[in-house]
Amino acid sequence: MRILGIDPGLRITGFGVLDTQGGALRYAASGVIQTAAAERGDLPARLKLLFDGITELIARYRPEVAVVEIVFVNVNPQATLLLGQARGACITALAAQGLPVAEYTALQMKQAVAGHGKAAKAQVQAMVQRLLALPSAPRPDAADALGLAITHAHAHPTLARLQSAGASTRKLLFR
């Protein structure tokens, strides 16, 4: 299975692509989509850059499933709103291409990758590097996206069994 992980951001959106076979993970690609080409105040142009970037990634890497980080609420409501809009542009691009989308929180990803939900960015980067046997640590946004893909690779078999048994995975995952 090929998994596309997305760590949404309005300025920088990280992506990571993994192939899984059984329990084995194989790195395919990672990087970022930047929206600096659009003027800072031009939100529609930035969202279009994200949409187009995700669409291009799908065409290039042909993933079977996508994983997107669930937005958290922070102390700045305006920043949370902008992040939510960036996330929405990413999810819309994925849905427009017919990809199934799984969602995990940063806490769930950090728990799965680093062993605890309060892991620092550097810890996530180091664990992603180790788990995928990369020659160097990916940049933080790409590491988070790869971490989301790793999380889904590990959770997917269990979630699929639960769904086939009739359980609601949304309730199980996001309580």
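**Exercise 1. Is Val 68 buried or exposed, at what relative accessibility?**

Solution. The model is predicted, so local features need pLDDT of at least 70 and side-chain atom pairs count only at pLDDT 80 or more, while totals for chains, interfaces and linings use all residues. Residues are numbered from 1 along each chain as its sequence is written, and side-chain values use heavy atoms, with hydrogens and water left out.

Step 1. Apply the cut-offs: buried is under 20% relative accessible area, exposed is over 50%, and partly exposed is in between (1.4 Å probe, protein chains only).

Step 2. Val 68 has a relative accessibility of 0% and counts as buried.

Step 3. Strands (E, at least two residues) and helices (H or I, at least four) are DSSP runs, numbered from the N terminus.

Step 4. List the contacts, where contact means heavy atoms within 4.5 Å. Outside the four places on either side in sequence, Val 68 is in contact with residues including Ile 6, Pro 8, Ile 91, Tyr 104 and Leu 148. Ile 6 is 62 residues away along the chain, yet its C-alpha atom is separated from that of Val 68 by 4.8 Å.

**Exercise 2. Describe the chain as a whole and state the confidence of the model.**

Solution. Step 1. The chain has 6 helices and 5 strands, and along the sequence they follow the pattern β-β-β-α-β-α-β-α-α-α-α.

Step 1. Of the 175 residues, 42% are buried. The accessible surface is about 9,000 Å², with 56% of it belonging to carbon and sulfur atoms; the areas come from the Shrake-Rupley method with a 1.4 Å probe, and for residues only the protein chains shown count as cover.

Step 2. Among contacts with a separation of 6 or more, 57% join residues 24 or more positions apart.

Step 3. The mean pLDDT (the predictor's confidence in each residue, from 0 to 100) is 90, and 89% of the residues reach 70 or more. Confidence is highest in S1, at 98, and lowest in helix H6 (residues 169–173), at a mean of 48. Where pLDDT is low, the predicted coordinates should not be read in detail.

**Exercise 3. How many salt bridges are there, and where do Arg 2 and Asp 19 lie?**

Solution. Step 1. A salt bridge is a side-chain nitrogen of Lys or Arg within 4 Å of a carboxyl oxygen of Asp or Glu. This rule gives 7 salt bridges.

Step 1. One of them joins Arg 2 and Asp 19, at 2.7 Å from N to O. This pair links distant parts of the chain, with Arg 2 in strand S1 (residues 2–7) and Asp 19 in strand S2 (residues 12–21), 17 residues apart. Asp 19 is buried, at 13% relative accessibility. Arg 2 and Asp 19 are also linked with Arg 26 in a network of salt bridges.

Step 2. Asp 52 pairs with Lys 48, and their closest N and O atoms are 2.6 Å apart. Both residues lie in helix H1 (residues 43–61), 4 residues apart, about one turn of the helix. Asp 52 is partly exposed, at 32%.

Step 3. Asp 141 and Arg 139 form a salt bridge with closest N and O atoms 3.9 Å apart. Asp 141 is buried at 17%, whereas Arg 139 is partly exposed at 38%.
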